[in-house]
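Some terms for parts of a protein rest on plain cut-offs. The questions below take a few of them in turn.

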Amino acid sequence: MHLLYIDESGSVADPNQQYFVLAGVSIFETKTHWVEQTLNTVAESFNAQDPWSVELHGSPMRSGRRGWKAHALQDRLSALDKVLQDAVVAHHGRSLRLFGAVVKKSALVGVDPVEHAFEQLVSRFDLFLKRVYQKYDDPQRGLMILDKSSTEMRIQNLAREFKYSGHTWGQTKNYAEVPVFLDSKASRLIQLADIVAYAIFRNFEHNDPRWFDIIKQCFDAEGGVTHGLYVKE
């Protein structure tokens, strides 16, 4: 089974932000422990006695919010580099790949950016699972895991609709269950999805490619064609 950890960056309701980003980190089930250990190592560098008290999140680490101000700026920025290099790039391959949907809010008239981005992410991950089966005769299922939020019921309904009624390009066929929602404090891999989403958001919203450049080759691709990154501008 491939697990897709999903988180967002940017606010649909904030008029000062142009973009909304939904990002997913797809990890094969046997790989999750090793990626988590990589993230724990980063957390330990900030609190060796209690690394689980350290919640890795892109925006607070960069800005110094939620207690991060106690640590030097360069240490925080370098930690974000290390997370993406060691937890994404180092594990990238058939067992780990990225998905992302970037939406410029002004480019959508009368369309919900969250629904649009979620539809793109869901369908692209589903097509990846279909491709794994067709190319490698490997019948894998997928499961989406998201941070708990006010959109939980909405996402559940959308996922059910895509499976039974269909989305723009058909019906999803390779999901094992409806999306699962976890507290990000308890899941390092949700935290990783947050940092990936933030890296994408910084690139598009602020023209800051520092972190996006680290991961830009890790989106789902086949035969030189990138399938995993969708941009609507």
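Q: How many aromatic pairs does a search of the whole structure find?
A: The search finds eight aromatic pairs. Rings of Phe, Tyr and Trp (its six-membered ring) pair if their centres lie within 6.5 Å; planes under 30 degrees apart count as stacked, over 60 as edge-to-face and the rest as tilted. This is a predicted model, in which local features need pLDDT of at least 70 and side-chain atom pairs count only at pLDDT 80 or more, while totals for chains, interfaces and linings use all residues. Residues are numbered from 1 along each chain as its sequence is written, and side-chain values use heavy atoms, with hydrogens and water left out.

Q: Why is the pair of F46 and W68 called edge-to-face?
A: The ring centres of F46 and W68 are 4.8 Å apart and the planes stand at 85 degrees, so the pair is edge-to-face.

Q: Which parts of the chain does the pair of F46 and W68 link?
A: F46 is in the loop between helix 1 (32-44) and helix 2 (58-63), and W68 is in the loop between helix 2 and helix 3 (73-88), 22 residues apart. Helices (H or I, at least four residues) and strands (E, at least two) are DSSP runs, numbered from the N terminus.

Q: Are F46 and W68 buried or exposed?
A: Both are buried, where buried means under 20% relative accessible area, exposed over 50%, and partly exposed in between (1.4 Å probe, protein chains only).

Q: What makes the pair of F99 and F128 tilted?
A: The planes of F99 and F128 are 55 degrees apart, with 6.0 Å centre to centre, and the pair is tilted. F99 lies in strand 3 (residues 96-104) and F128 in helix 4 (residues 113-136), so the pair ties together parts 29 residues apart in sequence. F99 and F128 are buried.

Q: How do you know that the charged end of R188 sits over the ring of W52?
A: The charged end of R188 is 4.4 Å from the centre of the W52 ring. A charge sits over a ring if NZ of Lys or CZ of Arg is within 6 Å of the ring centre and within 35 degrees of the ring normal.

Q: Which residues make the contact of helix 3 and helix 6?
A: The axes of helix 3 and helix 6 (residues 188-205) come within 11 Å and cross at roughly 115 degrees. Axes are lines fitted to C-alpha atoms, for helices over the stretch in contact, and angles run from 0 to 180 degrees between N-to-C directions. L80, V83, L84, A87 and V88 of helix 3 meet L192, I195, V196 and A199 of helix 6, contact being heavy atoms within 4.5 Å.
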